[in-house]
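Thank you all for coming; I would like to take a few minutes on one model and on how its parts meet. Please keep the sequence and the structure in view while I talk.

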Amino acid sequence: MVERDHRAAAGRPSRRAPARRPRELADPAAAAKRAAERADRVSAGLEELERWLLDQMRGGLAALEHAGYPHVDRVAARMVDAQAPGVASMLRAIPAELAGSGWPERVLEHLAAIYLLVQAHKRLAELPPDLQATVRSRIGYPIVKADVLNAPGVPDRWLAVGMIDTVEFRLESRRVWLHGLTTGRWALWLNFAPPGGYLDTTVMPGDALDAKLHFYPGSGQHRALIGRPIMVEAPADQPGAATGETIADVQRRFAELLAADPWAARMPAVIESAPIVRSGAERWLLRDRAGAACELLSGDPWPLLAHSGGEPIPIFGEWDGRTFRPLSVLSGDHRKPFTTAGYGRAA
Amino acid sequence: MIALSDWSDLVTTALLGTNRRQVPTGLPTDWARTSDALDSAIEVLELAARHRAWSRAGSRLASADPPVAGPSGGELAPASAQELLSRMLDRPRPATVNAWLAGCVGRGWLVAPGHWTPLAELAARTVAYDRTLLALALGPRGQWFVKQNPDWGRLAAQLEAAVAESDLSKPAEPGPSMASAAERSAVDTQHLVDLFGHAGPFAAELEAIFS
């Protein structure tokens, strides 16, 4: 059964790490002082950001459109200085939205999400611990991998069902979605490659592994590290192949996720559905077995139609609250899920 | 949820700026803090944050008629053959791909759906890819697939004509009857050997898989 032992995979602490026990600090007082200083820097940065956000509302988004990327990048850089890199990333996503029809709505919602995060940080102490962790994570407070790995793990046989690579500011990242066959739990294994580097290929779609997954703190959190994976033979039946959800089911789950994490951008799902061809620039639709339809977010939907042949098939992908991005087809014909670079490549 | 017209009104205010346009009145009172001292810029952001949550958590779903499914096909070529085709399509040459198609048709197999898109894209660009072999290897469902894309309209017509001209318009059955159809399209043993001979580095693998 055991084929490969990937002890080096996914977030194992470096061998060069200091030989301290988990959570043991060399100088707790100094660490607390550093943490307080960081929190102060973040708070000061977010105060500036709040003023900037309100200025955009007073001056109007039309001005933001004309000012373009440098205008947003300046404040994003300020957030990096303030040690709030998560907020900087949210800001840097705005210029890409300043195009196409409906951009004012999208940008307004985006700014509102950032404003909500600023407000949540102001009241951090009043929030439940899980939500506190979520807010800290969204803002970009560092999380020590060793701490995540030392928290209790979730043991299961995990199947990698889909993957997507993205590039943001020359930093390549890979999202590999895993599904626990016993727990039914979804997990996200995220890895990054700096410019010129390579993404980790330890776990790829179709792989199965027996492992404990250690989830990052925070409510609604999918991101996890893999502890001591043992690769095994992938099962013939893929998750969700028999019980693919409807779009309404997925919508309900996403509502629950948003209640736990209002900044959640996406959620994994298997929808038993068929793609519907649309002409011209219109986005294709995905029709589920109940007859409901949603927009399909895919650079090249033709391979998906080829697999479907016009009939419902279990399609794995990411739901963002409005559209579904297909990442693989969990076909019974092939043990490994069908996935293509065409699906997996998106900014 | 905030009504669409109210939301559009709010977006207009955000677009023009609260210095120039008031926050729309008549919005649901529980949607934002209500205070005389409230900064209208804050009000816009709070309303937008709530709208964002509502619309992402429960937007109304569209409905759609079921798509027209293509006619189902026959037996797919085995994994080894599909893997060989994948490698051929990495650097496609008509001679090698045609040889694969001939071998596939000769055995009464079909090309897997995962290859339909690259094959259609290639064949739409040049007639060097044998229309009859391609139509047979795609099978009825693959031909249906090609018809769905207007960019492949000419190819779809050529596939249809090739099938009609070859008197192969009847749905093919996998196995011996399909093989006889292949014979009628001149994919005989000698022809296969000739085609495989032009497949360069893939010749031996084609021979092993399809002979």
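This is a predicted model: local features need pLDDT of at least 70, side-chain atom pairs count only at pLDDT 80 or more; totals for chains, interfaces and linings use all residues.

Residues are numbered from 1 along each chain as its sequence is written, and chains are lettered from A, with ligands numbered from 1, in the order in which they are written.

Chain B has 10 helices and one strand, where helices (H or I, at least four residues) and strands (E, at least two) are DSSP runs numbered from the N terminus. In sequence order the pattern is α-α-β-α-α-α-α-α-α-α-α. Of the 211 residues in chain B, 41% are buried, meaning that 20 or more other C-beta atoms, placed from the backbone, lie within 10 Å of the residue's own.

Now to the place where the chains meet: 38 residues from chain B and 44 residues from chain A take part in the contact, a contact being two residues whose C-beta atoms, placed from the backbone, lie within 7 Å. On the side of chain B that touches chain A, helix 2 of chain B gives the most, with 11 residues. By class, that side of chain B has 22 nonpolar, 11 polar and five charged residues; here Ala, Val, Leu, Ile, Met, Phe, Trp, Tyr, Cys and Pro count as nonpolar, Asp, Glu, Lys and Arg as charged, and the others, Gly among them, as polar.

Which strand of chain A pairs with strand 1 of chain B? Strand 9 (residues 292–296) of chain A does, in the antiparallel sense and over two bridges, and DSSP must find at least two bridges for strands to pair. A:A293 has B:A62 as its bridge partner in strand 1 of chain B.

As for the cores, a nonpolar core is a set of buried Ala, Val, Leu, Ile, Met, Phe, Trp, Tyr and Cys residues joined through C-beta atoms within 7 Å. The largest has 89 residues, and those touching the most other members include A:L91, A:I114 and B:L45. Helix 5 (residues 103–122) of chain A gives the most to this core, with 11 residues. A second, separate core of 47 residues includes A:W302 and B:F145.

Finally, chain A is assigned domain 1 (4–8 + 144–232), domain 2 (29–139) and domain 3 (247–344), with bounds from an automatic or database domain assignment. In chain A, 12 residues of domain 1 are in contact with 15 residues of domain 3.

Note on methods. A residue is buried if 20 or more other C-beta atoms lie within 10 Å of its own, exposed if 12 or fewer, and partly exposed in between; C-beta atoms are placed from the backbone.
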